[in-house]
Amino acid sequence: MIAHSGWFSAMGDCTSMSETNHIQRTGTAGFLARMRNIGRKADIHEALPLIPESSIAGKALVTIISIMTFLATLTAGSAVLIRDASQGWSNQITQEMTIQIKPQPGRNLDVDVETAAAAVKAFPGVESVKVFSKLESSNLLEPWLGSSVSLDELPIPRLIVVKPLTGGLEIEKLREMLSEKAPHAVLDDHRLWFERLTNMANALVFAAIFVLALVITAMALAIAFATRGAMAGTRDIIDVLHFVGAHDKFISKEFQKHFFKLGLKGAAIGGFSTLAAFALAGLLLKIWNGGTGSEQIESLFGTFSLSWPGIVLIVILTILIAFLVGNISRVIVFRHLQTLR
Amino acid sequence: MVRFENVGLRYGMATETLRDLTFSIEPRSFQFLTGPSGAGKTTLLRLILLSLRPTRGFISLFGRETSTLEKDDITAIRRRIGVVFQDFRLLDHLTTYQNVSLPLLVQGKEESSYRAEVQELLKWVGLGNHMDAYPPVLSGGEKQRVAIARALIMRPELLLADEPTGNVDPSMARRLLRLFVELHKSGTSVVIATHDLSLMDQFDSAQRLVLGDGRLHIYE
């Protein structure tokens with residue numbers, strides 16, 4: 001135990017008069033008592049960065065993380081958008097079916113249409129039936145053939161749109177009934193189109209997940225290299241921490257805190273940029289509303305606005321990336337420290 | 001406390017930098033480690049501090065043979081040793097106060113439990129007005145005193161000081177030596193590496209360990 005009086009007499013010449021008075025006031029007993037009190041868990045610890053916070057490498061890393069997070073969250077957001085849009089398409093498609101009746105020689109098309117419409121209307125599970133008149137059917141072809149062409153001479157098929165009750169229509173029985181009552185009517189329940197659409201949407205979602213995995217892997221590698229670089233740059237600090245009695249776990253946690261802060265900053269910038277990008281795309285679509293391409297985009301992706309699950313996914317990904325950055329650096333630092341004496 | 005038996009150290013395939021070192025540092029002892037520049041004083045201190053492994057021989061610290069120590073054991077031993085480096089090794093991004101607190105901080109001690117002690121120690125070494133200063137703005141002598149305060153704050157059983165008066169004027173060197181002597185009287189073993197003969201003459205009763213040609217000569 002170091003005696004207070006010894007220290008004081010030895011260093012008397014080093015201290016100023018006011019400092020001398022201070023020590024005389026506090027006294028030896030008080031000093032020793034406080035020295036014995038040293039012992040519980042830290043509180044300044046959280047506020048004291050042992051790894052310097054600002055460095056060129058740190059700024060570059062924040063930029064890399066923000067770009068990677070932007071790409072990752074943009075991919076995830078796009079996947080959610082596609083999934084939502086695919087859900088919307090399938091809802092629209094499954095909410096109605098089409099009956100097509102082609103003109104046949106020797107048969108009255110109007111009578112066939114009326115017969116088929118009446119039979120379908122009476123079929124259980126059908127909510128409503130809309131018969132497209134000859135003019136309406138002709139109008140459907142106008143975008144392709146132009147308004148100058150007379151369609152009266154052409155054998156244009158007639159359409160009946162059937163809206164079924166939810167889950168209440170047996171399609172195969174309807175098809176059998178139609179083949180009896182109107183043999184030339186063809187019922188299209190859009191199943192083929194729906195299956196293709198679903199497959200395409202699923203493929204896009206899987207592709208998005210794959211890209212997301214690639215982006216996160218690339219980011220993990222970037223963090224690993226950055227951590228090694230930071231360790232090389234802070235070798236002196238690590239040595240000092242070792243010499244003053246720091247455990248490897250303590251040092252690696254310091255690195256984890258340091259990189260978690262960088263990760264959180266970069267991920268927040270990236271995640272916020274993605275949310276802003278989706279909001280901007282939705283805004284531009286609204287402004288652009290009525291333009292030639294906007295209708296196609298809107299029919300594919302709705303209003304291009306992310307649903308709540310999409311927003312939550314982006315926020316969760318952002319937080320996960322920050323934790324990922326911190327943990328990767330901790331593991332790398334700890335493993336490296338284990339190899340040092 | 002510290003025991004070396006036939007310890008040798010070589011870097012790579014070169015000839016041995018240190019050879020056949022056999023000595024011991026007893027509890028409550030005081031010794032100067034001296035020799036010409038490049039004789040291996042700092043290397044010997046690093047061997048005691050376990051930052052270098054000997055290529056041969058036996059080293060025991062606080063009763064434990066060092067070649068079989070685990071990392072946690074090494075950390076535990078280092079916590080019993082205070083060290084003042086020749087180049088101070090202060091962390092430039094921490095204040096004087098934070099640098100001195102570092103050994104306590106890394107042990108997870110509560111800041112409120114040591115704040116007063118760190119402040120008092122800094123006042124004792126004449127840095128009461130520089131607690132919030134960062135090392136780059138301190139003079140060489142002030143940095144030296146911060147390094148000494150950091151080594152003392154844990155009240156080590158063994159103090160290793162590498163040229164602790166190398167950056168201060170003769171007057172401050174005498175004061176610092178008095179501090180080490182007082183520390184020794186209070187029970188700490190002190191090893192001061194220096195080639196300052198006038199400093200050693202001020203404390204004649206200290207054991208002198210003289211390094212030359214890689215070998216150690218002991219003068220009581």
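I'll begin with confidence. The model has an ipTM of 0.89 and a pTM of 0.68. For chain B the mean pLDDT is 90, with 100% of the residues at 70 or more. For chain A the mean is 77, and 79% of the residues reach 70 or more. Residues 1–46 of chain A stay under 50 in pLDDT. The model does have 72 contacts beyond four places in sequence for that stretch. Where pLDDT is low, the predicted coordinates should not be read in detail.

Now chain B overall. Its secondary structure amounts to seven helices and 10 strands. Of its 220 residues, 48% are buried. If you take the contacts in chain B with a separation of 6 or more, 70% of them join residues 24 or more positions apart.

How many of its 10 residues are buried? Nine are, so the helix is largely enclosed by the rest of the structure. The buried ones are B:Thr96, B:Gln98, B:Asn99, B:Val100, B:Ser101, B:Leu102, B:Pro103, B:Leu104 and B:Leu105. The cover over these residues includes helix 4 and helix 5 of chain B, the latter being residues 140–152. Let me take those two helices in turn.

The crossing is right-handed. From helix 3 of chain B, the contact uses B:Thr96, B:Tyr97, B:Val100, B:Ser101 and B:Leu104. From helix 4 of chain B, it uses B:Tyr114, B:Val118, B:Leu121 and B:Leu122. Sorted by class, the residues of this contact are seven nonpolar and two polar, with no charged ones.

Helix 5 of chain B packs on helix 3 at an angle of about 30°, and the axes are 7 Å apart. Angles under 35 degrees count as roughly parallel, and helix 3 and helix 5 of chain B are therefore roughly parallel to each other. This crossing is right-handed. On the helix 3 side of chain B, the residues are B:Thr96, B:Asn99, B:Val100, B:Leu102 and B:Pro103. They meet B:Val146, B:Ala149 and B:Arg150 of helix 5 of chain B. By class, that contact has five nonpolar residues, two polar and one charged.

B:Arg89 sits in the loop between strand 6, residues 81–84, and helix 3 of chain B. Its phi is near 55°, which is positive, and the residue is not glycine. Most residues other than glycine have a negative phi. Is B:Arg89 buried or exposed? It counts as buried, because it has 20 C-beta neighbours inside 10 Å.

B:Arg28 also has a positive phi, near 60°. B:Arg28 is in the loop between strand 2, residues 18–25, and strand 3, residues 30–34, of chain B. With 13 C-beta neighbours inside 10 Å, B:Arg28 counts as partly exposed.

Next, a residue further along chain B. B:Phe180 belongs to helix 6 of chain B, residues 170–185. B:Phe180 counts as buried because it has 24 C-beta neighbours inside 10 Å. Leaving out residues up to four places away in sequence, B:Phe180 touches B:Ala161, B:Val190 and B:Ile192. B:Phe180 and B:Leu152 are separated by 28 residues in sequence, with 9.7 Å between their C-alpha atoms.

Last, chain A. In helix 9 of chain A, residues 235–243, the buried residues include A:Ile237, A:Ile238, A:Val240, A:Leu241, A:His242 and A:Phe243. What covers them? Just after helix 9 of chain A comes A:Gly245, with a positive phi of about 100°.

That is what I have; questions are welcome.

Definitions and conventions. Residues are numbered from 1 along each chain as its sequence is written. Chains are lettered from A and ligands numbered from 1 in the order in which they are written. This is a predicted model: local features need pLDDT of at least 70, side-chain atom pairs count only at pLDDT 80 or more; totals for chains, interfaces and linings use all residues. A crossing is left-handed if the near helix is turned anticlockwise from the far one by less than a right angle, and right-handed if clockwise. Helices (H or I, at least four residues) and strands (E, at least two) are DSSP runs, numbered from the N terminus. Two residues are in contact if their C-beta atoms, placed from the backbone, lie within 7 Å. Ala, Val, Leu, Ile, Met, Phe, Trp, Tyr, Cys and Pro count as nonpolar, Asp, Glu, Lys and Arg as charged, and the others, Gly among them, as polar. pLDDT is the predictor's confidence in each residue, from 0 to 100. A residue is buried if 20 or more other C-beta atoms lie within 10 Å of its own, exposed if 12 or fewer, and partly exposed in between; C-beta atoms are placed from the backbone. Axes are lines fitted to C-alpha atoms, for helices over the stretch in contact, and angles run from 0 to 180 degrees between N-to-C directions. Angles under 35 degrees count as roughly parallel, over 145 as roughly antiparallel, 65 to 115 as roughly perpendicular and the rest as oblique.
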